[in-house]
Amino acid sequence: MTDPTTIAPSQTHSSANGPLLKQAMAARAKVIEATIDQLLPPTSGGDARLIDAMRYATLGGGKRLRGYLAMATASLFDVPDCQSARVAASVEMLHAYSLVHDDLPAMDDDDLRRGQPSTHRKFDEATAILAGDALQTKAFEILAEAETHESTTVRIALITAFAQASGAAGMVGGQMIDMEGEGRALPLEEVRHLHALKTGCLIRYSAEAGAILGQAQPELQQRLRSYGANIGAAFQIADDVLDATATAEELGKTAGKDEASGKSTYVALLGIDGARAEAERMAKSAIEDLAPFGEQADRLRDLAYYVIERRN
């Protein structure tokens, strides 16, 4: 990578560059989809139904935002796509597991995901639980394999950061706080904290993973970690706005669930206009984090606005 201290920050990060970002995301999504398909091949054995459910939950849908982040940040450090695509597939599998479990009757009880029946509706609850369990462990298996990176130090760093982002101190812990907060009016700082864990940690990891793969200098790794955290916050705020304003057809999942469940959201606390302003503030902070990377990070700058302007 070019010396980051000699690059002036690019100013071409407006939504006018949306088509370039969409092209980049679509190209990465095809690579990620093919990698997941290869890593989760169908089978005719006794585990066929389990594998079918895992493939159903992961293939053929979704924005691949987390996977895109992993590949795009890795490209800043000239990491081969064959390595970053494996990390992207890994994080998408773990994200899919979280959605499968989140949709279960004992959790958010949602019958619709990505415009089609949730995994437990397509199959059954027991199969959905096991598919989620298997996707989670498969995600870590992929990171542990030498094909992801020849250095055991890098693979251990990826696994450690992944575990921290997805466990009790991250995504799962945030889900627990979210469930316990139903029907209670949480203050803004608590809402920020729960979403930083539930949604933000995995998005933050996805951005940081590219720097870990690229064995980046600590200060650059921290820049991307902060960028990911800010993107994660902006993404969640936009989700709250969409839940309150979009239709089920636009979302590909049930709309209005947060209000119906009595959840404390950014919209409930700040109003729609206030939430949108907060999302834009986080997007601008994310763009500032990318200053050392110059024009190489233009699509990541575009992404900061994409997450708050999207309609699903």
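User: Which residues are linked in a network of salt bridges here?

Analyst: Glu189, Arg192, Glu278 and Arg281 make up that network. A salt bridge is a side-chain nitrogen of Lys or Arg within 4 Å of a carboxyl oxygen of Asp or Glu. Keep in mind that this is a predicted model, where local features need pLDDT of at least 70 and side-chain atom pairs count only at pLDDT 80 or more, while totals for chains, interfaces and linings use all residues. Residues are numbered from 1 along each chain as its sequence is written, and side-chain values use heavy atoms, with hydrogens and water left out.

User: How many salt bridges does the structure hold?

Analyst: It holds 18.

User: What makes arginine 28 and aspartate 81 a salt bridge?

Analyst: Their side chains meet at 3.2 Å, N to O. That is within 4 Å, so the pair passes. Arginine 28 sits in helix α1 (residues 18-39) and aspartate 81 in helix α4 (residues 81-102), so the bridge ties together parts 53 residues apart in sequence. Helices here are DSSP runs (H or I, at least four residues; strands are E, at least two), numbered from the N terminus.

User: Why is arginine 28 called buried?

Analyst: Buried means under 20% relative accessible area, exposed means over 50%, and partly exposed is in between (1.4 Å probe, protein chains only). Arginine 28 has 18%, so it counts as buried. Aspartate 81 has 38%, so partly exposed is its label.

User: How do you know that aspartate 178 and lysine 198 form a salt bridge?

Analyst: The closest N and O atoms are 2.7 Å apart, so they meet the cut-off. Aspartate 178 lies in helix α8 (residues 171-180) and lysine 198 in helix α9 (residues 188-213), so this pair ties together parts 20 residues apart in sequence. Both aspartate 178 and lysine 198 are buried.

User: What joins the side chains of aspartate 298 and arginine 301?

Analyst: A polar contact of 3.1 Å does. The term covers a pair of N or O atoms within 3.5 Å; within protein, one must be able to donate a hydrogen and the other to accept it, and residues adjacent in sequence count only if both atoms are side-chain atoms. Aspartate 298 belongs to helix α14, and its 8% relative accessible area makes it buried.
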